[in-house]
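Student: I have a protein structure open and I would like to learn how to read it. Can we go through a few features together?

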Amino acid sequence: SLFARVQAQLLDRRRPLWELWFVDGLDRDRPPQDRRVALIQKTHHCLVDGISAVDIATVLYDLEPTPTRHDPPPWRPEPPPSGPELLIQSLVERAVEPAELARSARAAMRVPRQLASRARDVAQAVAASTTTAPKMPWNVPVSPHRRWLPVRVPLAEAKAIKDAASADRRLGGRVSLNDVVLASVTAGLRTFLQHRSTPVDDLELRAMVPVTMRSQDERDAAAAQGGAAVGNRVSMMNAPLPVSEADPVVRLRAIVDAMRELKESGAAVGADLLLEMTNHLAPTVLTMASRLVVRARPTNLTITNVPGPQFDLYCMGSRVTEAFPYVQILDGQALTVAVLSFAGQLGFGITGDAEVLPDLDVLGDGIAAGVAELRGELVPRAAKKGRKRA
């Protein structure tokens, strides 16, 4: 698809690391008034995380069909600095701002103290990053070619599953929408592995689940200034995926218990402290550590779920009807699953290496079937209980 080809291309390092593609010509067989266009937003992860990307998209679009006209002042960009100029500027800043040096030293000393005070959290984060996940068909080097697959799930359906599961005694308490997403993806992975004739008995996969560390106050402050809170403020949790479990309710219960334990343990906070400490490592040491983590294979894939706006957005007078996310793959992890909720729909964006995973649609169908399976097991049971109370 065009989307996969665009995302597979490297961003031009000579320009700002973002692109916005306007795709015309969709639905040519429809009447002109019913034809659609698409926007492809492509931004390097060094600039934004998932939450920031959604905030930026919300700022770019309009809240009303009639857009507000702005007359921007003329702008002439300055030429980008050369490598030697950047080096000189950095040296000058360090020389004329001794306070910055002092702040850096204090920060470097403060992180170890934080690590000591949260030793248990950090130990769990280190243990999670050093465990080895079982090797799966997609845990291989990647090619330059990508395949991207969308899956649509009504948000009301997912919420009905969440509410029914939270009220079900078998689940042991509150169930989150993210738990439902993880359980559905686990069902899809089980279907995919069985399609590949990969044994699933006693098999537990591991997923890297990003967790935002950005407070709502930060997002509100940026919105009040007419912009978005950019940058990366995410930590990670290493979540187990019990693909060996055939029963959808038992599978969901295992995920709910595991995620509850991870949240209560402070593993995400410990991982955040470790990430902060990397700011004070020499680049060579940081590069070596990053390579070691990738080779250790602590996780099999990344699964990220980002909440989007649940109100209408408009672009040049037209309503935005759907939105889907994209998360890049990397060597050793030729599969990612991203989820974005927008305007009453959960949009799954599944990205895989086109050569490694030509049968990616099996996973997509398996995820949709996993949602239907949970709905069939939980929602009628909850409705039956409700009728008995009445």
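**Reading cavities, patches and salt bridges**

Tutor: Start with the inside. This is a predicted model. By class, the lining of its largest cavity has seven nonpolar, one polar and no charged residues.

Student: How does one find a cavity at all?

Tutor: Rolling a probe the size of a water molecule over the atoms shows where empty space is left. Here the count comes to one cavity of 30 Å³ or more. The volume of the largest cavity is about 30 Å³.

Student: Which residues line the largest cavity?

Tutor: Look for V153, A158, V180, V181, S184, L346, F348 and V371. Two elements give two or more residues to this lining: α7 (177-195) and β10 (345-353). The most comes from α7, with three residues.

Student: Where is V37 placed?

Tutor: V37 sits in the loop between β1 and β2 (38-43). Its relative accessibility is 46%, so V37 counts as partly exposed.

Student: Why does S1 count as exposed?

Tutor: Exposed means over 50% relative accessible area. S1 has 55% relative accessibility, so it counts as exposed. Find S1 in the segment before α1 (2-8). Then look at W148. S1 and W148 are 147 residues apart in sequence, yet their C-alpha atoms are 7.5 Å apart in space.

Student: What about charges?

Tutor: Side chains of opposite charge can pair when their charged atoms come close.

Student: How many salt bridges does the structure hold?

Tutor: The structure holds eleven. One of them joins the side chains of D163 and K162, at 2.9 Å from N to O. D163 is partly exposed, because its relative accessible area is 46%.

Student: Which side chains does D257 meet in salt bridges?

Tutor: D257 meets R253 at 2.9 Å, N to O. D257 also meets R260, at 3.6 Å, N to O. Now trace helix α9 (residues 248-265): D257 and R253 both lie there, four residues apart, about one turn of the helix. D257 and R260 are three residues apart in α9, also about one turn.

Student: Are these residues buried or partly exposed?

Tutor: D257 is partly exposed, at 30% relative accessibility. R253 is partly exposed at 30%, and R260 is partly exposed at 28%.

Student: Which residues are linked in a network of salt bridges?

Tutor: D12, R14 and R15 are linked in such a network.

Key: Residues numbered from 1 in each chain as written. Predicted model: local features only at pLDDT ≥ 70, side-chain atom pairs only at ≥ 80, totals over all residues. Heavy atoms only, no water. 1 Å grid on protein atoms, 1.4 Å probe; cavity = no way out; pocket = protein on both sides within 12 Å on 5 of 7 lines; lining within 4 Å. Points joined across faces, edges and corners; volume = space filled by probe spheres on them. Nonpolar A, V, L, I, M, F, W, Y, C, P; charged D, E, K, R; others polar. Buried < 20%, exposed > 50% of the residue type's maximum accessible area, 1.4 Å probe, protein only. Salt bridge = Lys/Arg side-chain N within 4 Å of Asp/Glu carboxyl O.
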